[in-house]
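User: I would like to go through how some labels are assigned in this model. Please set each value against its rule.

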Amino acid sequence: MPSRSEVEIQGKKLVLSNLAKVMYPAVGFTKAQVIDYYVRIAPVLLPHLKDRPLTLKRYPNGVNGMHFYEKNCPAHRPEWVKTAPIWSPGNNKWMDYCLMQDLPSLVWAANLADLELHTSLSLGKDILRPTMMVFDLDPGAPADIVQCCQVAFWLKEVFDGFKLQSFPKTSGSKGLQVYVPLNTPVTYEETKPFAHELARLLERRHPQQVVSEMKKVLRTGKVFVDWSQNDDYKTTVCVYSLRAKERPMVSTPVTWEEVKKCLTKKDPQLLAFGSVAALKRVEKFGDLFEPVLKLKQKLPPLSVLGVEGPKKPRKTASARERAAVARSTPAVRAKR
């Protein structure tokens, strides 16, 4: 296999390099195979990437080597790779996040060994308004994804009571994630407190199984309901993304029936999907996560969880308004 190859994709030219480099040594999975996976999964993946600021997580020497996050889109990007300007208070400047708008851009990112795709819960044009809410269920050993399935059902029961649909996907690592599509006007000042209070509610109801605080010492044998991802400065692993594990595992959408089966049979392998299995599932089911992009649901007020919200909701500044404040205020701000 040649070390460099010039290709043309949808009329755009790019050079692919080090295609024979092994990215997953345990199974001999190469960079060429990483690119091939992303090309084949692209029809269902790209709609979930479109218009969303992307944090690159690059592994230039494979999963056993060093890795780094890259929020600012590389300056050497092709001119056709689009970006979204997002104000960073910590850096006191605009950051140009990459946007994966098309297949050439996705292949370009894969060629940079961007194994994992981490996207915002918002669109770049309105970064302070999430289109969805997420709960990242992280098991503390000896708990595993089986225990996450139980917690996921407790979350589902709550949302079913509010007549809201929720959708599960594997993290591609140890845990499970539950998404609640909104696609209606809402801010992180509403979704984050709601997610936090719901995590606390589950902890109060199931103190032996659930924890809502981030301290790792509290997580042993329990499932941490990570509510904190509901924030404009954070990104979460995108559906269909590869994960940098021993094998090329995929963050895969699943049905509630599959979650129930895993819980009943207590078999974590029932919710473990590699790249080949993920592609086969798409052929069989299509995009199980499509409703997350389209379904419109209204977030209930915080009071439905037994907590009173602020009497007068604060007006959320636009990104440009926030940038203006940042430029004129000398106070030290938390780094993004």
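User: What makes the closest cysteine sulfur too far for a bond with Cys 238?

Analyst: A disulfide is a pair of cysteine sulfur atoms within 2.5 Å. The closest sulfur to that of Cys 238 is in Cys 98, 14 Å away, so the distance is too far for a bond. This is a predicted model, in which local features need pLDDT of at least 70 and side-chain atom pairs count only at pLDDT 80 or more, while totals for chains, interfaces and linings use all residues. Residues are numbered from 1 along each chain as its sequence is written, and side-chain values use heavy atoms, with hydrogens and water left out.

User: Is Cys 238 buried or exposed, and how do you know?

Analyst: Buried means under 20% relative accessible area, exposed over 50%, and partly exposed in between (1.4 Å probe, protein chains only). Cys 238 has 4%, so it is buried.

User: What keeps Cys 149 from a bond?

Analyst: Its closest cysteine sulfur, in Cys 262, is 3.8 Å away, so this pair is also too far for a bond. Cys 149 has 0% relative accessibility and therefore counts as buried.

User: Which cysteines does a disulfide join, and how do you know?

Analyst: Cys 73 and Cys 98 are joined, with their sulfurs 2.0 Å apart. The structure holds 1 disulfide. Cys 98 is in strand β8 (residues 93–98), whereas Cys 73 is in the loop between β6 (68–70) and β7 (83–88); the pair links distant parts of the chain, 25 residues apart. Helices (H or I, at least four residues) and strands (E, at least two) are DSSP runs, numbered from the N terminus. Both cysteines of the pair are buried.

User: What handedness does the disulfide of Cys 73 and Cys 98 have, and why?

Analyst: The torsion about its S-S bond is about 95 degrees, so the disulfide is right-handed.

User: Why do the rings of Tyr 24 and Phe 29 count as a pair, and of what kind?

Analyst: Rings of Phe, Tyr and Trp (its six-membered ring) pair if their centres lie within 6.5 Å; planes under 30 degrees apart are stacked, over 60 edge-to-face, the rest tilted. By this rule there are 7 aromatic pairs. Tyr 24 and Phe 29 have ring centres 5.6 Å apart and planes at 85 degrees, so they are edge-to-face. Tyr 24, at 0% relative accessibility, is buried, and Phe 29 is buried at 11%.

User: What kind of pair do Phe 162 and Phe 194 form, and why?

Analyst: The centres are 6.4 Å apart and the planes at 70 degrees, so this pair is edge-to-face. Phe 162 lies in the loop between α3 (145–161) and β11 (167–170), and Phe 194 in helix α4 (residues 188–205), 32 residues apart. Phe 162 is partly exposed at 26%, whereas Phe 194 is buried at 0%.

User: What puts the charged end of Lys 156 over the ring of Trp 256?

Analyst: A charge sits over a ring if NZ of Lys or CZ of Arg is within 6 Å of the ring centre and within 35 degrees of the ring normal. The charged end of Lys 156 is 5.7 Å from the centre of the Trp 256 ring. Arg 281 lies over the face of Phe 273, at 4.4 Å from the ring centre.
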